[in-house]
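Subject: Structure handover

Hello,

Here is the structure I promised to pass on. Please open it first, then read my notes below.

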Amino acid sequence: MGSMVTERATERRSDAAGEPSVVPGSEELADFDTLTDRYQRELMAHCYRMSGSLHEAEDLVQETLLRAWRSSATFQGRSSVRTWLYRIATNVCLSDLEAKPRRPLPTGLGTADSAPSDELITDDEVPWLEPVPDTATEVADRDTIRLAFVAALQHLPARQRAVLILRDVLRWSAAETAETLETTTAAVNSALQRAHAQLAARGLTPDTVRPSLEPAQQQLLDAYLEAFWRKDIDRIVALLTYDATWDMPPFLNHYRGAEAVGQLVGTKCPGGLQDMPMLPTWANGQPAFGLYMRTPEGDFEPFQLQVLQLRGSGADQRVEHVTAFFDMRLFAKFGLPPRLPADFVPVPPGPGTATTPTP
């Protein structure tokens, strides 16, 4: 984008986050891309939290960088480049979210659980929440990117969402947040209080997303992969918590209880024995699988991307929630192959390989 941001190598200030501030009036030009590239993955996480959409977040980051480039010549260095970019990104998101509906998951619509025998109902008009690959984002606290947290954020009005993210996630002061949103600190504190109340009312719990898998968790995921490959319904049920939930946008149906989920997979999932290989990946700081389905030609094509939430400790861990996304565009976004050969056999990766989260 050109060398438009000025910076003196020997004359820098730092903000509260320890990031260097650009000093105006310096003689040495620093390349714009060099200054902004390091922040793109965390800006992606920020725009994703705000929008709930992987595809929209990508566009919002690009719009943020474009606006930053256009205004970089007048950047006065009162804050760090990082803070400056976050301010632009927040306002880009707020402008984009005006009059847009929230992005829910089926379990967040307030409708009753479905029975496995119920007809599957699709609604492609709903702008569903989307998962984000760990490789696309950079976050210090994985709890703030997990699917349940981002889904809960979508229940907040856009400005409350921005306040909560800036204050609780980025740890900005009320004054910094007020300056970014062009409001008062009193208004910020009031919005934060209302946001906390709404999230508490919806039962959001501070679950911990672990930065790496424990051996017992890896064994659980290996068993889960093997159970789907064999379509072993009893085994799948045994790997779920008794009150496990399952949803699968764009279908409105959602299910509760391990037995109900087992019946769903057994009766509505078209694959049989050795028809459903899965490849491991990571989404929203959580283990995930790209599930493929055997075609009439014998090879495998993308079927759904499953994002798993685990519960328990040690050998007592189980899968408590699965969100199965039927958006086939996600496979390319997650770096998963468009097809698998007919002779493909899934092999549990074991610890330290493909299922290890990306930092």
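Lys333 sits in helix 12 (residues 329-333). Helices here are DSSP runs of H or I with at least four residues, strands are E runs of at least two, and both are numbered from the N terminus. This is a predicted model: local features need pLDDT of at least 70, side-chain atom pairs count only at pLDDT 80 or more, and totals for chains, interfaces and linings use all residues. Residues are numbered from 1 along each chain as its sequence is written, and side-chain values use heavy atoms, with hydrogens and water left out.

Buried means under 20%, exposed means over 50%, and partly exposed is in between (1.4 Å probe, protein chains only). Leaving out residues up to four places away in sequence, Lys333 touches Leu54, His55, Glu58 and Pro133. Contact means heavy atoms within 4.5 Å. Lys333 and Leu54 are 279 residues apart in sequence, yet 8.8 Å apart in space, C-alpha to C-alpha.

Now the whole protein. It has 12 helices and 10 strands. Of its 359 residues, 53% count as buried.

Next, the cores. A nonpolar core is a set of buried Ala, Val, Leu, Ile, Met, Phe, Trp, Tyr and Cys residues joined through side-chain atoms within 4.5 Å. The largest has 67 residues, and those with the most contacts inside it are Leu43, Tyr48, Trp84, Leu85 and Leu164. Helix 4 (residues 81-97) gives the largest share of this core, 10 residues. A second, separate core of 32 residues includes Trp246, Ala258, Leu264 and Leu291.

Asn284 is in the loop between strand 7 (278-283) and strand 8 (286-294). Asn284 counts as buried because its relative accessible area is 0%. Asn284 and Arg146 are 138 residues apart in sequence, but 4.5 Å apart in space, C-alpha to C-alpha.

Thr323 is in strand 10 (residues 318-325). Thr323 is buried too, with a relative accessible area of 0%. Its side chain makes a polar contact of 3.0 Å with the side chain of Asp247.

Last, the largest pocket. On a 1 Å grid over the protein atoms alone, a pocket is an open set of points where a 1.4 Å probe fits, with protein on both sides within 12 Å along at least five of seven lines; lining residues have an atom within 4 Å of a point. About 790 Å³ of space lies in the largest pocket, counted as the space filled by probe spheres set on the points, which are joined across faces, edges and corners. Of its 31 lining residues, the closest to the centre are Thr107, Ala148, Thr245, Gln309 and His321. Elements that each supply at least two lining residues include helix 5 (147-153) and strand 9 (300-311).

Best wishes

Note on methods. Polar contact = N/O pair within 3.5 Å; in protein donor to acceptor, adjacent residues only side chain to side chain.
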